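This report looks at a helix pair, a salt bridge and a surface patch in turn.

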Amino acid sequence: MKIAVVILNWNGKTLLEQFLPSVITHSKEATIYVADNASTDDSVAFLKVNYPAIKIIQNKENGGYAKGYNDALKHLNEDIFCLLNSDIEVTKNWLTPILKTFKEAPNTAIIQPKILDYKQKNYFEYAGAAGGFIDKYGYPYCRGRIFNTIEKDNNQYNDTTEIFWASGACLFIRNQVFNKLNGLDATFFAHMEEIDLCWRAKNLGYKVLYVGNSKVYHVGGATLKNSNPQKTFLNFRNSLFMLTKNASKNLFYIILVRLILDGVAGLKFLLELKPQHTFAIIKAHVNFYLNLKQLLQKRKTLKNTIKHYQRTSIVVDYFVNKKTKFNSL
């Protein structure tokens, strides 16, 4: 079983300098690629001089995470793709349990390892932690992270278990499934496209697993920080995109409630004196309406079969019922 570790890069020479050595050292089973998203720094020149054995794919434009990986992966024929952020440090034998699980579980299409915080290595990292879920209204949460409450890693999630979504920070997927799904949805640009991908895979009957005896350390926010209103825009808009495409039942009701909850979030940002984030939510809603016809057309082509949630509202669980850890849900 051949595996390609593909690192998407955009003006990330500093990150490549820091994190590429760990990938090279601990990924002897894999072919390593850097897919460059039309960087304007000297990332590509740096790779050619310092890492001539690394295979470079040069995309013609910066199409974000989704289009960047779609453009890069169409050139590859390995059995397994690992979509790896450039700000991740991998660990010894990290690939071994992943490949073993793919071999033993043929219906498993996507796998995520344990993702810990590079800055506090005994804590989970926000983007993925120990595997993801979403509530009825599309709000994501993780084993090990609910909203901004991060759990310490006390080996409570060292298992292998089915999850709803795997983090795009480090996501393994079978080549044939990625192509069957026509890759990531490029209209997302970045953020939540991996949840949409996993949802579509699950609607076709595939499994998404978390494998806790493989671990990586993620910096997080190295490309787009939480304080950036563009991140708020993408998260709120793409959540609406994802729900419209994939939710199996009661779509109108789900979207209506979600729009109201987004309005509450916008008011919260105003009270926190962050009006730029409130405007980002308004912009997200306007963009959603402009794309609604296209989204509904996509919905008609997809198989919407599964109940996507375990919790009706993680917002209520967290903010009202004060359930801040996954094992308290």
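Two residues are taken to be in contact when heavy atoms of theirs lie within 4.5 Å. The model described here is predicted, and under that cut-off Lys13, Leu16, Glu17 and Leu20 of helix H1 meet Ser43, Phe46 and Leu47 of helix H2. Sorted by class, this contact of H1 with H2 comprises 4 nonpolar, 1 polar and 2 charged residues. The axes of the two helices come within 9 Å and cross at roughly 35°, and the crossing of H1 and H2 is right-handed.

| Helix | Residues |
|---|---|
| H1 | 13-26 |
| H2 | 43-50 |
| H8 | 251-271 |

Side chains of opposite charge can pair when their charged atoms come close. The structure holds 16 salt bridges, and one of them joins the side chains of arginine 143 and aspartate 159, with an N to O distance of 2.7 Å. Arginine 143 sits in the loop between strands S8 (140-142) and S9 (145-146), whereas aspartate 159 belongs to the loop between strands S10 (149-150) and S11 (160-162), so that the pair links distant parts of the chain, 16 residues apart.

On the surface, Phe252, Leu256, Ile260 and Val264 form a nonpolar patch with about 440 Å² of accessible area together; of these residues, valine 264 lies in helix H8.

Notes
Residues are numbered from 1 along each chain as its sequence is written. This is a predicted model: local features need pLDDT of at least 70, side-chain atom pairs count only at pLDDT 80 or more; totals for chains, interfaces and linings use all residues. Side-chain values use heavy atoms; hydrogens and water are left out. Patches are made of residues with over 30% relative accessible area and no salt bridge: like charges are joined within 9 Å, nonpolar side chains (Val, Leu, Ile, Met, Phe, Trp, Tyr) within 5 Å. Accessible areas come from the Shrake-Rupley method with a 1.4 Å probe; for residues, only the protein chains shown count as cover. A salt bridge is a side-chain nitrogen of Lys or Arg within 4 Å of a carboxyl oxygen of Asp or Glu. Helices (H or I, at least four residues) and strands (E, at least two) are DSSP runs, numbered from the N terminus. Axes are lines fitted to C-alpha atoms, for helices over the stretch in contact, and angles run from 0 to 180 degrees between N-to-C directions. A crossing is left-handed if the near helix is turned anticlockwise from the far one by less than a right angle, and right-handed if clockwise. Ala, Val, Leu, Ile, Met, Phe, Trp, Tyr, Cys and Pro count as nonpolar, Asp, Glu, Lys and Arg as charged, and the others, Gly among them, as polar.
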